[in-house]
Amino acid sequence: MSVNVKNTLEKAPVEMRNVLCATLVELASKNPNIVAMDADTLGSSGFKPFRKAYPDRYIDCGIEEANMIGVAAGMSAVGKIPFVHSFGPFVSRRVYDQVFLSCAYAKLNVKIIGSDPGVTAAYNGGTHMPFEDMGILRVIPTITLVEPSDEVQLANILPQIANLYGTVYIRLKRKNPITIYEEGSTFEIGKAAVLRPGKDVTLIASGIMVAQALKAAATLAAEGIDARVVDSFTWKPLDEACVTACAKETGAIVTCENHNIIGGLGGAVAETVCANAPVPVERVGIPDIFGEVGTEAWLTDHFQLTPDAIVAAAKKAISRK
């Protein structure tokens, strides 16, 4: 793993869904077993170039997500590598039993893409705003859960996911992310990336919250507080060695997630800390409430997924040492 963080945090010129599709097209050119599947979300997924390049390897299953997961499992059983997409709630809570039994329990090779996680669902509102997807899927044995933070990371880990046998859930913002990494950065599934050193507190984040954590670390530095920043883009298997080292070396942790704080990244980190190196843990995330309608910016402020909230949590965690 070789990580280089950009000096400035700016919105990427490309959408994540376009990087997703372009990378899948490239992978499919080398592996004839890769197929793409949608649940009547072709425009939303960005899969149009894939359908154009490989019309016989793209399937629109219609608004039948549970059936789509079953079809994907069947295709895996005969050697295909299906990448299936719908909005986050519809390929997590709506299809939970199919993911559990037809995919993971059956030891099959299905890659599930749940788009617009948390507040990135914006105007689609609470029904389409998954604050619980990673939490409910995390308790499925053998499943791998990832949340890419930007387009550079997504492009680098997708080939790994294609080559990793098993059930994988990819939590993906569809539109333009904040670019965190320089081109050429490399990552490893199951290994967290340390983006900034620090000795006073560790900020462990993923997805859209990585940029927020970096901003919070800069604010804390101006106040004389040295915050380490870690991108835990793999939620399962969690990099327990990294979390434990951060707990021992900084003595306090703040988790930052665009997800319900119950059962999510904060829960996974707290379980690890409790078992290996008990230190104060504060959780910045959704406080066990439902989503609402609004812009991503408004929702981010409304649910306090902000650098200021992370700064406050860091100070509280440090005070509890």
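User: Before we start, what pLDDT do local features need here?
Analyst: Residues are numbered from 1 along each chain as its sequence is written, and side-chain values use heavy atoms, leaving out hydrogens and water. The model is predicted, totals for chains, interfaces and linings use all residues, side-chain atom pairs count only at pLDDT 80 or more, and local features need pLDDT of at least 70.

User: How many helices and strands does the protein chain have, and why does it count as being as compact as a globular protein of that length?
Analyst: Going by DSSP runs numbered from the N terminus (helices are H or I, at least four residues; strands are E, at least two), there are twelve helices and 14 strands.

User: What share of the residues of the protein chain counts as buried?
Analyst: Buried means under 20% relative accessible area, exposed over 50%, and partly exposed in between, with a 1.4 Å probe and protein chains only. Of the 321 residues, the buried share is 59%.

User: What space lies in the largest pocket, and which helix gives the most to its lining?
Analyst: A pocket here is an open set of points on a 1 Å grid over the protein atoms alone, where a 1.4 Å probe fits, with protein on both sides within 12 Å along at least five of seven lines; lining residues have an atom within 4 Å of a point. The space, counted as that filled by probe spheres set on points joined across faces, edges and corners, is about 590 Å³. Of the 32 lining residues, those closest to the centre are Thr120, Lys173, Asn176, Ile208 and Glu296. Strands S7 (168-172) and S8 (178-181) and helices H8 (209-222) and H11 (296-302) each supply at least two lining residues, and the one giving the most, with four, is H8.

User: Is Ile161 buried or exposed, and which residues does Ile161 touch?
Analyst: Ile161 sits in helix H7 (residues 151-163) and is buried at 1% relative accessibility. Taking contact as heavy atoms within 4.5 Å, and not counting residues up to four places away in sequence, Ile161 touches Phe83, Lys111, Val146, Val168, Ile170 and Ile189.

User: And Pro49, which residues does that one touch?
Analyst: Pro49 is in helix H3 (residues 48-53) and counts as partly exposed, at 46% relative accessibility. Leaving aside residues up to four places away in sequence, its contacts are Cys21 and Val25.

User: Which residues does a cis peptide bond join?
Analyst: Look at the loop between strand S12 (234-236) and helix H9 (240-250), where Pro237 has its place. With omega about 0 degrees, the cis bond joins Lys236 and Pro237.
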